[in-house]
Amino acid sequence: MQTLEQRIQGVAALGAMLTDYFLHGEKAPIYLDLEEALQKAEQQNAWFDRENCLFALKHWANLLKENSLKTWLSTYPIKEKTPKQVALILAGNIPMVGFHDLLCVLLSGHKAIVKLSSQDKVLLPFLIKKLEEIAPEFKGTVCFTEERINDFDAVIATGSNNTARYFEYYFGKKPHIIRRNRNSVAVLTGKETPEELFQLGEDIFRYFGLGCRSVSKLFVPEDYDFVAFFEAIYPYHTLLDHQKYVNNYDYNKAVYLMSLFKLLENGFLLLKEDEKYASPIATLFYERYKDMATLNQRLEADKEEIQCIVSGSDIPHTVPFGQSQVPSLTDYADGVDTMAFLNSIN
């Protein structure tokens with residue numbers, strides 16, 4: 001049986017491999033299999049373009065360092081125990097979105113039965129294969145399946161509000177974490193610098209806005225002028241090089257105009273005034289607020305719909321501009337501590 005120290009060292013070795021890849025670049029013969037995986041991921045899902053897949057891999061390369069892993073896990077009383085079978089039903093909206101859940105299962109000493117999304121079937125199995133090569137003691141700890149999962153002790157399932165009802169019915173009698181739809185928002189005061197607004201563009205456009213940590217709505221003061229915002233995000237117009245993004249922009253613009261909705265737009269982003277949180281691709285909803293106290297009450301009331309809040313203001317628990325897409329090891333989806341949950345399974 002592996003010790004926690006061995007598990008940490010194995011995962012850190014995977015992080016070191018990824019770091020070395022970014023140091024030596026795509027031409028190093030040793031990483032031809034990684035290059036092939038990147039190409040296959042994009043062929044399977046056009047939203048998983050090379051830039052975004054590399055962004056995700058580099059983020060994990062930065063996180064999977066021995067000291068960082070030890071600091072993260074030091075707050076949990078992880079004891080060696082007989083491993084339990086943990087079913088993971090993963091989303092596929094952005095590259096490797098389920099890796100944090102899988103990492104938690106492995107480091108907690110359990111085994112994972114993984115049902116991948118049809119949209120993200122390449123990179124996670126590749127990383128686990130490399131982990132098993134680097135640290136053979138992990139062999140047999142992860143099983144990928146396309147079959148219905150029956151033999152399990154606990155489950156972490158991520159899906160839509162609709163699928164969550166099915167998950168509750170099917171998995172509800174076992175220890176579980178069931179995640180639903182959430183979106184992220186940004187709160188502007190009108191005092192943001194051009195650099196802060198440019199950084200906000202990263203929160204909006206990274207992964208084409210498909211992540212739950214992607215900003216899909218802005219809260220702005222009643223007299224807010226969007227000119228500075230549009231000027232600051234103009235460098236992201238390179239999104240127009242991606243045909244699927246352009247198709248969504250054109251389609252949503254046509255639908256809104258035919259419905260006589262008032263829009264603000266700059267040629268690659270539509271701004272629509274709307275109370276909802278989940279905006280379509282290439283569209284950002286916005287809502288005007290009267291005062292910060294009232295807005296804080298609104299955000300608190302809707303906290304079950306919100307993944308994170310991006311802002312430079314004094315709102316509690318906010319994420320700085322440009323940082324929503326680089327969560328730390330302790331940034332758990334929906335605010336539910338996955339490691340504590342896994343550590344409680346007997």
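A pocket here is an open set of grid points with protein on both sides within 12 Å along at least five of seven lines, and a lining residue has an atom within 4 Å of a point. Keep that in mind as you work through this predicted model.

**Exercise 1. Describe the largest pocket: its volume, its centre and its lining.**

Step 1. Start with the volume, which is about 900 Å³ for the largest pocket.

Step 2. Go to the middle. Of the 45 lining residues, Asn93, Ile94, Val97, Cys212 and Arg213 are the closest to the centre.

Step 3. Look for the elements that give two or more residues to this lining: they are α3 (50–63) and α5 (99–107). The largest share, five residues, comes from α3.

Step 4. Sort the lining by class.

**Exercise 2. Find the largest cavity and say which classes of residue line it.**

Step 1. Recall the idea behind the search: rolling a probe the size of a water molecule over the atoms shows where empty space is left. For a cavity, the probe fits but cannot get out.

Step 2. Count those of 30 Å³ or more: there is one. The largest cavity has a volume of about 40 Å³.

Step 3. List its lining: Val11, Leu14, Phe99, Leu103, Leu106, Ile128 and Leu131.

Step 4. Assign them to elements. α1 (4–24), α5 and α6 (123–134) each supply at least two residues, and α5 gives the most, with three.

Step 5. Check the classes: the lining has seven nonpolar residues, no polar and no charged ones.

**Exercise 3. Trace the unit made by β4, α7 and β5, and give its handedness.**

Step 1. Pair the strands. β4 (residues 154–158) and β5 (residues 176–179) run parallel and are joined by four bridges.

Step 2. Together with β4 and β5, α7 makes a right-handed β-α-β unit.

Note on methods. Residues numbered from 1 in each chain as written. Predicted model: local features only at pLDDT ≥ 70, side-chain atom pairs only at ≥ 80, totals over all residues. Heavy atoms only, no water. 1 Å grid on protein atoms, 1.4 Å probe; cavity = no way out; pocket = protein on both sides within 12 Å on 5 of 7 lines; lining within 4 Å. Points joined across faces, edges and corners; volume = space filled by probe spheres on them. Pairing = 2+ DSSP bridges. Right-handed = clockwise from strand over helix to strand, strands pointing away. Nonpolar A, V, L, I, M, F, W, Y, C, P; charged D, E, K, R; others polar.
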